[in-house]
Amino acid sequence: MAARSGAARAGATARTKVAIPQLAWNEVRPAPVVLLSGAETVLAERASGLLRDFLRSEDPALEVSDLEADGYRRGELLTLASPSLFGEPRLIRVNAVERASDDFLVDALEYLEQTAESTTLVLRHAGGQRGKKLLDAIRAGTGGGVEIVCAELKKDVEKQDFVAAEFRAAGRKVNPRALRALVAAFADDLAELSAACRQLIADAPDEITEAMVAQYYGGRVETNAFAVADAAIAGRHGEALIALRHALDSGADPVPIVAAFAMKVRTMAKVSGVRGGGPQVASSLGLAPWQVDRARRDLAGWSDEGLRRAIESLAAADAAVKGAERDPVFALERLVGIIAARGRDLT
């Protein structure tokens, strides 16, 4: 396996001609050229900000300039990078390289051949084929650059890693349950998730706890039906019941809570027993690869019989919250118990 993995890495490197370090957003470091590649704008902005702060801490006289590659005119980059009278260090940030003008591509390729001393050039490329020759040159090592990969975060575990890195960079501790609650509350918007982390870092005096997250973002956390479903499917019965009661107390409707359970359990049932790599399985089932990966993680500890009972319980709960029973809250609590037991009959 190790030999195959090594061969695969060597093949990928040969195909893409990557001869420079490829780093995560929070591993950014100074280099003559820093390429911020990938679709996740929040990660690119965080990496750029960390780099600026580091360079400014090294020399407060840092001169920062910003360019838009799509509106660029010939000579602007070379003028900004030319030596100044006092020799201040320079940070030149170029946005929208994926839409760069021909003038910019010509100047940037010329600049790579002889980068300016005490100058850091940051290029933001969000994806696509425009500027490929420039990217290939950087990745081949021309200019002595590094690449910061800012790929979109699709999995919960990736978003949890992002949150953990945010607090770690600020020298703060975050409780695991608080971390999960934050991701559950802002799972659909990384920019909001990042802003929530920064607010907690600024306002909370000590370790970030679940209670603090509930205090600041209670409405977001408590009404998130998927937070209830995730806790129950993972077997965390007590946590799921607390999340359910918070959701109901804050005015959440029982019907979408059952729908969240149904969506996740149906995906688990589809994926259960299907072999093959994520992309192939995803294509055959009409799912995204990340949904297949998540469902496979969720299936840990589940049996086919447990899934069957969970599906039957979901049908009963759906009817109950739509009027078939007098107490929809009891029906939801019963469903949470069955799902948290992974469909096993504990009576």
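Predicted model: local features only at pLDDT ≥ 70, side-chain atom pairs only at ≥ 80, totals over all residues.

User: Fine by me. How many helices and strands are there in the chain?

Analyst: You'll find 16 helices and six strands. The chain has 347 residues, and 44% of them count as buried. Its C-alpha atoms fill a box of roughly 80 × 50 × 35 Å along the principal axes. The accessible surface is about 17700 Å², with 52% of that belonging to carbon and sulfur atoms.

User: What about charge?

Analyst: There are 44 positive and 48 negative side chains, and the centres of those two sets lie 7 Å apart.

User: Now the sheet. What is the order of the strands?

Analyst: Read across the open sheet, the order is S1-S6-S2-S5-S4-S3, and the pairing is parallel. At the edges stand S1 (22–23) and S3 (63–68); each has a single partner strand, so one side of each has no neighbour in the sheet.

User: Let's zoom in on S5. Which strands are joined to it by bridges?

Analyst: One is S2 (residues 33–37), which runs parallel to S5 and is joined to it by five bridges. Ser-37, for instance, has His-125 as its bridge partner in S5. The other is S4 (residues 90–95), also parallel to S5 and again joined by five bridges. Two of the pairs there are Leu-91 with Thr-120 and Val-94 with Leu-123.

User: How does the chain get from S4 to S5?

Analyst: It crosses through helix H4 (residues 102–113), making a β-α-β crossover that is right-handed.

User: And what is on the other side of S4?

Analyst: That's S3, running parallel to S4 and joined to it by six bridges. As an example, Glu-63 stands opposite Arg-90 in S4.

User: How do I read which way the side chains point along a strand?

Analyst: The general idea is that side chains in a regular strand alternate between the two faces of the sheet. In S5, Thr-119, Leu-121, Leu-123 and His-125 point one way, while Thr-120, Val-122 and Arg-124 point the other way.

User: Are those S5 residues buried or exposed?

Analyst: All of them are buried, whichever way they point.

User: Can we take one residue as a worked case? Why does Thr-119 count as buried?

Analyst: The cut-off for buried is under 20% relative accessible area. Thr-119 has 5%, so it counts as buried. Its contacts beyond four places in sequence are Ala-31, Pro-32, Ala-81, Arg-90, Ile-92 and Tyr-111. For a sense of how the fold brings sequence positions together, take Leu-62: it is 57 residues from Thr-119 along the chain, and their C-alpha atoms are separated by 9.6 Å.

User: What should I look for in the loops around H4?

Analyst: Try backbone angles. As a rule, most residues other than glycine have a negative phi. Ala-96 has a positive phi, near 60°, and sits in the loop between S4 and H4. Ser-118, in the loop between H4 and S5, also has a positive phi, of about 65°.

User: How covered is each of those two residues?

Analyst: Ala-96 is buried, with a relative accessible area of 1%. Ser-118 is partly exposed, at 45%.

Key:
Residues numbered from 1 in each chain as written. Heavy atoms only, no water. Buried < 20%, exposed > 50% of the residue type's maximum accessible area, 1.4 Å probe, protein only. Helix = DSSP H or I, 4+ residues; strand = E, 2+ residues; numbered from the N terminus. Pairing = 2+ DSSP bridges. Right-handed = clockwise from strand over helix to strand, strands pointing away. Areas by Shrake-Rupley, 256 points an atom, 1.4 Å probe, with all protein chains shown as cover. Lys, Arg positive; Asp, Glu negative; His and termini not counted. Charge placed at Lys NZ, Arg CZ, Asp CG, Glu CD. Contact = heavy atoms within 4.5 Å.
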